[in-house]
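Hi there,

I'm passing this structure on to you, and I hope you enjoy looking through it. My notes follow below.

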Amino acid sequence: VNKMDLELQKALYELFKSNLKFPFYDGLRDEVYPYGAFSYTEDRPLNTKTSKGNEIFIQVDLFSAYNGQKEVKEMANSVINLFSDVIPVGSGQVAYLTEWFKRIQREDDIYHGILELTFEIY
C-alpha cells in the first residue's frame, strides 16, 4: 500500500511546526486566529522507465482575523519560502515542490488563504 501522501504530510507538519510563527494543525479547527491546517491531498503514481515516484497535491488552508489581507499573505509567503530545498520523506525518499498556487478570499470577518502545493517524490 502506498503511503507517500501520509509520509509527506507528516514531514510537512514537522517542518511547519518547527518553522512557522503561527500554529499549524492537521485539520480544520475552531481555534484562535491566525492558524494553518491541512485540507486535503491527492496522490498519483509518477512512474517512468528509470524511476518510480509520486505526484502529491496538498491543499493548505490559512486563516486570519486581521482586518485586511496582509497577515494571510505573509502566512502564505512563510509557507512557500520553506520549500527552497528538498524535503526528506519517509525512508530515504525526497520531495520537491514543483508547483504552487495561492488564493485569498474573505469569509465574513475572516481571511482564508488557500495554498495548493504540488510535490514530486522519488
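Predicted model: local features only at pLDDT ≥ 70, side-chain atom pairs only at ≥ 80, totals over all residues.

Six strands make an open sheet with mixed pairing, in the order 1-2-3-6-5-4. (Strands, E, at least two residues, and helices, H or I, at least four residues, are DSSP runs numbered from the N terminus; two strands pair if DSSP finds at least two bridges between them.) Strand 1 (24–25) and strand 4 (87–89) are the edge strands, each pairing on one side only. Strand 3 (residues 52–64) pairs with strand 6 (residues 110–121) in the antiparallel sense, over eleven bridges.

**The cores.** The largest nonpolar core has 28 residues, and L8, L12, F16, V60 and L62 touch the most other members. (Such a core is a set of buried Ala, Val, Leu, Ile, Met, Phe, Trp, Tyr and Cys residues joined through side-chain atoms within 4.5 Å; buried means under 20% relative accessible area, exposed over 50%, partly exposed in between, with a 1.4 Å probe and protein chains only.) A second, separate core of five residues includes Y25, Y35, F63 and I110.

**Helix 2.** K73 lies in helix 2 and counts as partly exposed because its relative accessibility is 37%. From K73 to I104 is 7.8 Å in space, C-alpha to C-alpha, although they are 31 residues apart in sequence.

Best wishes

Note on methods
Residues numbered from 1 in each chain as written. Heavy atoms only, no water.
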